[in-house]
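The structure is shown first, and the description follows.

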Amino acid sequence: MGFQITGMALKNLLSRPATKLYPVEPQVYTTQTRGHVDNNMDACILCSICVRKCPATALAVDKEARTWTINPFSCVQCMACVRACPRDSLSMLPEYTAVAQSMSTRTLVKPEDEDE
Ligand code: SF4
Ligand code: SF4
């Protein structure tokens, strides 16, 4: 038994740490990582389908102000909005939401069309 414990201790002493020295050692994301939702506002038509599909009420659209807003602290990365978007303007990017000192929303503005 004592021999086993000594062996385990030696193995742990000589092996690489199981944890990363984050953020010095950057995280490597897999292609399946669900980090955060992004919106290509050039393609978005502000139809609000994503708002209605979101189970976490994390999204809001203001047609008059031409804005799309996400509350990243409410989002549960389910991708329901990404799948429902008729314009494929939403995507799930692998990077996790940046750390913040206070809970805030992220608002994107749709640029005015040149022919409007
Ligand atoms: S469903 Fe797509 S096109 Fe419609 S408001 Fe949401 S992001 Fe924009
Ligand atoms: S990923 Fe899910 S929870 Fe997050 S905004 Fe889209 S529908 Fe809502």
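In this predicted model, the residues around ligand 1 are Asn 39, Cys 44, Ile 45, Leu 46, Cys 47, Ser 48, Ile 49, Cys 50, Cys 85, Pro 86, Ser 89 and Leu 90; a residue is near a molecule or strand if one of its heavy atoms lies within 4 Å of it. Around ligand 2 there are 13 residues, the closest being Cys 54, Cys 75, Cys 78, Met 79 and Cys 81.

Strands are DSSP runs of E with at least two residues, numbered from the N terminus, and two of them pair if DSSP finds at least two bridges between them. Strand 3 (residues 67-70) directs Thr 67 and Thr 69 one way and Trp 68 and Ile 70 the other, and all are buried (under 20% relative accessible area, 1.4 Å probe, protein chains only).

Strand 2 (residues 59-62) runs antiparallel to strand 3 and is joined to it by four bridges; Asp 62 has Thr 67 as its bridge partner. These two strands form a hairpin with four residues between them, and Arg 66 in the turn has a positive phi of about 60°. Strand 3 is also joined by four bridges to strand 5 (residues 106-109), again antiparallel, with Arg 106 as the bridge partner of Ile 70.

Residues are numbered from 1 along each chain as its sequence is written, while chains are lettered from A and ligands numbered from 1 in the order in which they are written. Local features need pLDDT of at least 70, side-chain atom pairs count only at pLDDT 80 or more, and totals for chains, interfaces and linings use all residues, while side-chain values use heavy atoms, with hydrogens and water left out.

Notes. Buried means under 20% relative accessible area, exposed over 50%, partly exposed in between (1.4 Å probe, protein chains only).
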